[in-house]
Each structure stands twice: as structure tokens, then as C-alpha cells.
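This short report is meant to be read beside the sequence and the structure. Please look through both before going on to the sections below.

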Amino acid sequence: MSTERNMKNENFVTFEVAKLLQDKGYREDCCASYITDETGRSELTVVFGVRKFRHLSIYTRFQYEYLAPTLYAAQKWVRTKGKIHIVVELNKHGWYYRLYDTEDLSLISQMDGYSDTFEKALNDGIKESLTYL
């Protein structure tokens, strides 16, 4: 069984962030996608091969399909496309993110509050960074 097939859901952006990424122009190859039916219910599907944007929803019975990149791939895309670096840090209260402009190194934004996990803080940072693209 492939490594990608065994990846946990927490390694991928959430459905909400996947939709926002696609709206902002994310078209990178992925090993996963979210599919939705006519009721709006979504489910993460990890495939052995690569999902390409042009192949989404062509041969499926589902209403919509969105690329689901890993958190790292989405973070890298935001850094490359938007020149925004997402830093996740930990203190005694929990995990939080900060967004920095990679050109002048200025602080753009930071998380209001804390998260229980690194992955949740990074996903929230990606979501916030998309408002600046």
C-alpha cells in the first residue's frame, strides 16, 4: 500500500480551505481530493496516483471535487504565490500562527487565540493567508 494511501486526514487542508485554495487559483497536482454529493456532504479521498485539476469531476458521480493538498504543499504554494510565510509556534497556551511578508519580513497577521494542534494552527494560518491573495 502506498505511503499516500496511509496518510491521515490531519495531513491535508480542510474542505473549507481546499475550496478557498481552488478559488484562489491552486492547480498543483495532489494525491487527494474532496468530493461532494448533491446534499453538500464532503469526503476526503486519497488516491494512489496524482489528481490533476483538469481531471476533477469528469468521470465521477459526485457534484463537486476539490483538490486537497497536504498542509505543507499548501503552505509552500502560499509562500511562493503570495510571498507570505506561515510560521507555527508553540507556547504554554498552545499552538498559534504568524504570517510574514517574505519580501520585507514584516508581520502581516497573527492568530487571535490558540489551537490544540500544530496541524489546526497551520490550516488556520493557510486560511487566513488566502485573504491576502
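## A bridge between two strands

In strand 5, G94 is the bridge partner of N91, where a strand is a DSSP run of E with at least two residues, numbered from the N terminus. Strand 4 and strand 5 (residues 94-101) run antiparallel and are joined by eight bridges; two strands count as paired if DSSP finds at least two bridges between them.

## Basis of the model

This is a predicted model, in which local features need pLDDT of at least 70 and side-chain atom pairs count only at pLDDT 80 or more, while totals for chains, interfaces and linings use all residues. Residues are numbered from 1 along each chain as its sequence is written, and side-chain values use heavy atoms, with hydrogens and water left out.

Three strands form an open sheet in the order 4-5-6, with antiparallel pairing. Its edge strands, each pairing on one side only, are strand 4 (84-91) and strand 6 (107-110).

S33, which lies in strand 1 (residues 30-36), is buried, with a relative accessible area of 2%; buried means under 20%, exposed over 50% and partly exposed in between, with a 1.4 Å probe and protein chains only.

The side chain of S33 makes a polar contact with the side chain of E65 at 2.8 Å, a polar contact being a pair of N or O atoms within 3.5 Å, of which, within protein, one must be able to donate a hydrogen and the other to accept it, and residues adjacent in sequence count only if both atoms are side-chain atoms.

Conventions
Helix = DSSP H or I, 4+ residues; strand = E, 2+ residues; numbered from the N terminus.
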